[in-house]
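Thanks for sending this one over. Here are my notes, written to be read with the model open beside you.

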Amino acid sequence: MQQSLALEIMLSGANVFLTGQAGAGKTFVLNEFIKLAKEQHKVVAVTATTGLAATHLGGNTIHAWSGIGVHDELPRHFFKDMPKGRCDTIAKTDILIIDEISMLHDFRLDIIDEVTRKVRKNDQPFGGLQVILCGDFFQLPPVNRPDSRQGGFVVHSKVWHAAKLTICYLGEQHRQEDETLLEILTALRAGDIRRRHAESLLSRINAELTQNQPLTELHTTNADVDSINHRALQQINETEVSYTMQTTGKDNYVQQLKRSCLAQEVLALRKGALVMCIKNSPDKKFVNGSLGIVKDFDKSTTYPIVDLHNGRTVLVAPDTWELRDGDKKRAGLAQIPLRLAWAITVHKSQGMTLDAARIDLSKAFVEGMGYVALSRVKNLGSLSLLGINKTALKVSEDALAIDEYLQKSSAQACVDFAHLLEKSKKRKKSPDLKKSGWSEKLIKMREIHPNAFRPWKKEDDELLLKNFNDGKKLAELSSLLGRHSGAVQARLVKHLGEGEYN
């Protein structure tokens, strides 16, 4: 399904399950929907199953929003003890969004349904709320601990069927630039890994990467990540500078916010440290996931000066995170939006796009972990595997069965809601997404610009930057690369940052 049609279905008021492979643009569509819904003065509750995923959307965890916390079942006096503020928040909400839904147990979705029905005094599914569920069942599944209630994917919940969700399965790809890697990821999703796929991955074991900069390693356990980052920092013979987090709000909310973001209570840095930006900068100088090296510290503020891998040098000042409950701010914190990046966990990498990475999947312990890790990079040439086990190449059998049903349902939704594409064409603020007749437009476009909308390869970028540095103008670069001048300018912005490119 096209992103534009999925957006229109959501704006029509339908309950929706938004899905698609990694890099299909689910978060982009969600953000567009949230923006347009708020412009219509709708009260939107933006939640996710994990705090990290929630902060990517500027929201809250579904456990906190609904008041269920970590309960496997509602306590006896749950509704009697429910704070009035929590009831008011749920009652005033028009739209409930739950992201990373693959990690939510089926029984918890039913509990959320029960809570919303009773609080809103409405026996319709979710108390009459419009519900948007978003996620991919091939990614990380619900965690079943031995001492807790066991559950599966939310498709097995009672409310999944009662809510009559429209399935929007996004079919476009906006991350992978390499056909070989894309074929491997597609084979993983189909449970059809062949020998050639395994051999392609094994060829990347301890592969040398051409980047001159240090790279991030993805590991499956927190213990490995913390050990690697601490050891790497201590090996740098430079003075250490530390930044202490500042917080506001009640302690229980502050603790929840701390668990919900990547900011550290005490951030220790040294010149030469490899760091990752953990938030988009307000002035668009860096984005969540940008990598760089600490070059120095500002003499007046002591804030770190970072040489980003894209060639830009930035002063990174403290930024803020908030825990919001509807329109209410429950807690806030301020910290330098960086963390050491020699290593991060596969779990924390979910949703990120990395220019290059070393990945250790030798300790992969759950189905889907390999898929999440491998789909973080754009091409095989930017991947070096430190190890891989059989579990890393497995996906859930349940996810495979579910996927067939989802794709069929989405195809039917394309037919049922085709009339909404006319609204998309007329919507001035809708994203520039694929519309009907796109193939014909692309053919005509490529008569003038042969490489229009083709993925950028490493050699394309090298040619672009070399000729730009040699003084070639935008029109010359456009002709040389066979791309529209606007696309060339956008690529220069990606590599060199905002500026005037003529």
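In what order do the five strands of the open sheet lie? They run 14-13-12-11-17, with antiparallel pairing.

1. A word on the source: this is a predicted model, in which local features need pLDDT of at least 70 and side-chain atom pairs count only at pLDDT 80 or more, while totals for chains, interfaces and linings use all residues. Residues are numbered from 1 along each chain as its sequence is written, and side-chain values use heavy atoms, with hydrogens and water left out.

2. On terms, strands are DSSP runs of E of at least two residues and helices are runs of H or I of at least four, numbered from the N terminus. Two strands count as paired if DSSP finds at least two bridges between them.

3. The sheet's edges are strand 14 (313-315) and strand 17 (338-340), each of which pairs on one side only. From one strand to the next, the twist averages 40° (angles run from 0 to 180 degrees between N-to-C directions, with axes as lines fitted to C-alpha atoms, for helices over the stretch in contact).

4. Strand 12 (residues 291-297) pairs with strand 11 (residues 274-277) over three antiparallel bridges, and here L291 stands opposite M276. Five bridges join strand 12 to strand 13, including the one that makes V306 the partner of V294. Six residues separate these two strands in a hairpin, and T302 in the turn has a positive phi of about 65°.

5. The largest nonpolar core has 91 residues, and L96, L133, F137, W160, L269, L338 and W342 touch the most other members (a core is a set of buried Ala, Val, Leu, Ile, Met, Phe, Trp, Tyr and Cys residues joined through side-chain atoms within 4.5 Å). Helix 7 (residues 106-120) gives the largest share, six residues. A second, separate core of 29 residues includes A6, L11, V46 and C168.

How values were computed. Buried means under 20% relative accessible area, exposed over 50%, partly exposed in between (1.4 Å probe, protein chains only).
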